[in-house]
Amino acid sequence: MIPSPFAFYAPARLDEALDLLQQYGDEAKLLAGGHSLLPTMKLRLATPAVLIDLHKIPDLVGITVDERVTIGSMTTWSALEADATLCAAVPVLAATIRLIGDRQVRNRGTLGGALAHADPAADAPALVLVLNGTLTIYGPAGIRTVAAKDFFVDLLTTALAPDEILTAITLDRVGPDEGAAYLKFAHPASRYALVGVAAFLRVEAGQITACRVAVTGAGVRAERLTIVEARLLHQPAQAEVFAAAAQGAADTLEILGDLHASEAYRRAMVEVYTRRALEAAAANLRAS
Ligand SMILES: Cc1cc2nc3c(=O)[nH]c(=O)nc-3n(C[C@H](O)[C@H](O)[C@H](O)COP(=O)(O)OP(=O)(O)OC[C@H]3O[C@@H](n4cnc5c(N)ncnc54)[C@H](O)[C@@H]3O)c2cc1C
């Protein structure tokens, strides 16, 4: 289908993009890779009168690897995957990106677009949750930061106000004695997650001293599995412990059922993928 008519702007500066957002209010939509927005426009599920393309704003692209890593919101999956320094600092990021769509999707899709869109089946939200993500947001009141755990609010809904722009995402590196993994049960056609689980562990002298686990694909939004995390803390990093912690992992979650997977099936898969992601994170532990 063909989208309804729209005006197109491609500002070269962030403040120009913000001015346009304020000028057009609810009629405007920001355009990143377009891989989620354009399909919804073609189906006329979204009919913005104005598109504000962010591609010409250099401040929104780039990767800085420091004590933490900071990624400009318009950086594509392919650019992330190609950055050897970033991949060495956060190996789980490269491994996750290889699971996203296909090469064309990864060449256009952006980390910022994926997080701002908050598709319940997207992979990156779970990963950003376990890597302690911080999202930098620019709006009329200036710059603010939001922790990933507070960013994903509901189905396709985030803490972003309509007149705000996500500018950057900051993540923890995976350090010595730490390991992380993301595993998903992917829809065979789209590759989106029917259930995806990300896990992060720090293990010192055989004991788990820090852990974060997050699920995507199963409910209306990605979220931390805090019950599982509490069961793991100060326990030995062993397969039996992971299996026990994963039991009933989805019990307190609101789980979706649809034509691709029933609620009960997704619930069962959350448990399976939680256990497997924990085992994989332990297998990925980096030497101290
Ligand atoms: C065939 C196909 C397969 C895919 N498979 C997967 C998969 O397996 N796993 C997965 O996780 N994803 C998958 N995707 C999604 C894809 O990887 C992109 O992440 C996703 O489309 C959003 O990124 P984008 O840059 O295209 O955003 P866009 O589509 O341009 O934007 C999405 C939404 O975010 C808003 N937005 C964008 N940037 C900003 C910003 N900086 N600040 C505020 N709001 C903003 C836009 O206004 C829009 O509402 C797939 C997509 C396709 C088309």
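Predicted model: local features only at pLDDT ≥ 70, side-chain atom pairs only at ≥ 80, totals over all residues.
Trainee: What is the volume of the largest pocket?

Mentor: The volume of the largest pocket is about 1300 Å³. Its lining comprises 47 residues, and those closest to the centre are Ser36, Leu37, Gly113, Ala116 and His117.

Trainee: Which residues come nearest to the ligand itself?

Mentor: There are 32 residues around the ligand, and Leu30, Gly34, Ser36, Thr110 and Asp123 come nearest.

Trainee: How far is the side chain of serine 36 from an oxygen atom of the ligand?

Mentor: An N or O atom in the side chain of serine 36 lies 2.6 Å from a ligand oxygen atom.

Trainee: How much of the ligand does the protein bury?

Mentor: The protein buries 89% of the 970 Å² that the ligand exposes when taken alone.

Trainee: Which secondary structure elements supply at least two residues of the shell around the ligand?

Mentor: They are β2 (28-31), α7 (111-117) and β10 (165-172). Helix α7 gives the largest share of this shell, with four residues.

Trainee: What about the lining of the largest pocket?

Mentor: For that lining, β2, α2 (37-42), α7, β9 (157-158) and β10 each supply at least two residues. The largest share comes from α7, which contributes five residues.

Trainee: How do the residues divide by class, in the shell and in the lining?

Mentor: The shell around the ligand has 16 nonpolar, eleven polar and five charged residues. In the lining of the largest pocket, 24 residues are nonpolar, 16 are polar and seven are charged.

Trainee: Changing topic, what is the volume of the second largest pocket?

Mentor: The second largest pocket has a volume of about 290 Å³. It is lined by 14 residues, of which Asp119, Ala121, Asp258, His260 and Arg266 are the closest to its centre.

Trainee: And how does its lining divide by class?

Mentor: The lining of the second largest pocket consists of seven nonpolar, four polar and three charged residues.

Note on methods:
Residues numbered from 1 in each chain as written. Heavy atoms only, no water. Near = heavy atom within 4 Å. Polar contact = N/O pair within 3.5 Å; in protein donor to acceptor, adjacent residues only side chain to side chain. Areas by Shrake-Rupley, 256 points an atom, 1.4 Å probe, with all protein chains shown as cover. Nonpolar A, V, L, I, M, F, W, Y, C, P; charged D, E, K, R; others polar. 1 Å grid on protein atoms, 1.4 Å probe; cavity = no way out; pocket = protein on both sides within 12 Å on 5 of 7 lines; lining within 4 Å. Points joined across faces, edges and corners; volume = space filled by probe spheres on them.
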